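Here are a few notes to read alongside the model.

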Amino acid sequence: MKNKIYIKQWMELKPYKNPTVTDSYYLKLSNEIKNSFIYDETILLSRFLNPEELDLLACFLASWFEDVISGIGVWKSFLDMHKQHYGKVLPFFDTENYIEDEINEEDVAFLVWYFLNSVQEENFVSPFNEFISDTASAVMEVLEEKYEYAPENNYLKTFYRLDKNENDFYLARNLIDTLLFKTWLFFPDTLRELRLKGAEIVENAGNDENLMSYLNDNRDSYLHTAHTRLMSIKGKDWAAKIVGDSHPLSSAFSNMSQRVQGYFLYKGQNNEVIFLEHIASGKKFEMTKKSFDHSAKLVKPNTIVFIGLVNWMDEWWFSGVYVQNEYNAELVSDEKQSLQSRAQVNFLDHERYDAKKDLQKHMEAFIKFNNGSQIAFMPTGEIEPFTQAFLDFFNNSLAKTSREKEEAFERMRKQVFQENSFAEVNLEEKAETALVFFNPNSGAEIGFGLNNAFPLPHNPYFDENNSNEDVLHLLVSDELSKELVMYCVENCREKLPFFNQFPGKLYLEDIDFLLRFWKRGGYHSKPQITYTGEE
């Protein structure tokens, strides 16, 4: 195969800029791996990858080999996590003869599948395609010859280690940044997404002098919110795994909070902390001065500060961008009325107020209202009348005064039903039919054009001939919840051709892993309730 891979491409998968001695070795190995792709396999790979992506696939597989040889632990972290969740080291493949802590053909086959389905999303490539196993066999022939003599990259190890006594949030955050945006395993995933988001920001910003601030804030925001395709977990959870369960910082990473970003009122400071009040919710925060170099600029009480905060080891640290403005009564009023702004601190309330218990009450009412079913099917034009009728039904059951009912209805409308359910769009343009499903972990959700995935007695819109397309959309869309998929699987799979023929039938064994892969952040349904201080 022509077109040699050069060092610049190899270094795209590294957390450092200047090549080491071992990088020359693994660059050469990347070229050997690329040359192992025999003609027929390359033709098939080229259906999904352009020439540059083919080069990067070779570098990606060489990086995996380097990770195993050098004992970096990135690949082992994934294997351990998968085994912990599912009782086996890998999905899809027979691992009866799998040898842990060594290289295996099943590893290569899985990594080829993962790369193909991460760098492009137009086509889902089944892991059971023969060309994937043929590619893995060819690559293993190259790697088995190198296994005993390949050099360790000891310099690379240093980027994935933290001192046991470390407590600086920024060093911890840097490890997360390294994992998500500078590590071979997530090169086709979170790094690719970061680059796409960055390119969009650059295009929209034009000549805006604040461009770098926008890019930095986007990186910091995505660092805290991104879920990887593998296992659908955040960077902080990968960091907890890579440092090891016995490391003192493992629990600190696991317990790191979400980032709260928004408008705050400055309320004062002492030698250790700055006192802030989240305008939308009224919640009080104490930001450690260890994380903030601009405390001298904060003088006047009720100065408005736009800032991001993360709780690390029981302290709130500055994370993101910082902007300071004079008090603005109109902005304060708007923030206090904004459910979206209040939602920034939802996670602080959900455990305290037991949001899931509240949702259970809503679901019981929904099922009673919907003739005993958790899901309803209807023409798209009937969605809003249906949801309003349910909210009236629930509201009337609370035996409140007329004014209390009106206020409760408005809160319920915005809280129990997901925001995009009431977007100012022509719903009938989405699809002719829709469904309303009450998700016990988040609230009611609406799906458009999915009714052929639900062969249920009270669904008059089911058409078996069009069911495969709807089922596949239900599985892969990150806008549709895991709970809706599992409701379909548990109640409908026996009557759906998709789950009774190849390859859909085989997907059922690894359905949870696949849902984590397809839905990423959407896999984790969260309550759509915002507590406002009212009962």
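1. Let me start with how the chain is connected. Among contacts (heavy atoms within 4.5 Å) between residues at least 6 apart in sequence, 68% join residues at least 24 apart. Please keep in mind that this is a predicted model, in which local features need pLDDT of at least 70 and side-chain atom pairs count only at pLDDT 80 or more, while totals for chains, interfaces and linings use all residues. Residues are numbered from 1 along each chain as its sequence is written, and side-chain values use heavy atoms, with hydrogens and water left out.

2. The C-alpha trace spans about 80 × 65 × 45 Å along its principal axes. Of the 535 residues, 52% count as buried, meaning under 20% relative accessible area with a 1.4 Å probe and protein chains only; exposed means over 50%, and partly exposed is in between.

3. You will find 23 helices and 8 strands. These are DSSP runs numbered from the N terminus: H or I of at least four residues for helices, E of at least two for strands.

4. Beyond its neighbours within four places in sequence, Phe 110 is in contact with residues including Trp 75, Phe 78, Leu 230 and Phe 513.

5. Why is helix H23 (residues 511–519) described as largely enclosed? Because 8 of its 9 residues are buried, among them Phe 513, Arg 516 and Lys 519. The cover over the buried residues of H23 includes helices H5 (74–86), H6 (105–119) and H20 (467–476). Arg 520 follows H23 and has a positive phi, near 45°.

6. Some backbone spots deserve a look. Phe 502 and Pro 503 are joined by a cis peptide bond, with omega about -5°, and Pro 503 sits in the loop between H21 and H22. Two residues other than glycine have positive phi: Asp 101, near 65°, and Met 231, near 75°. Asp 101 is exposed, at 57% relative accessible area, whereas Met 231 is buried, at 0%.
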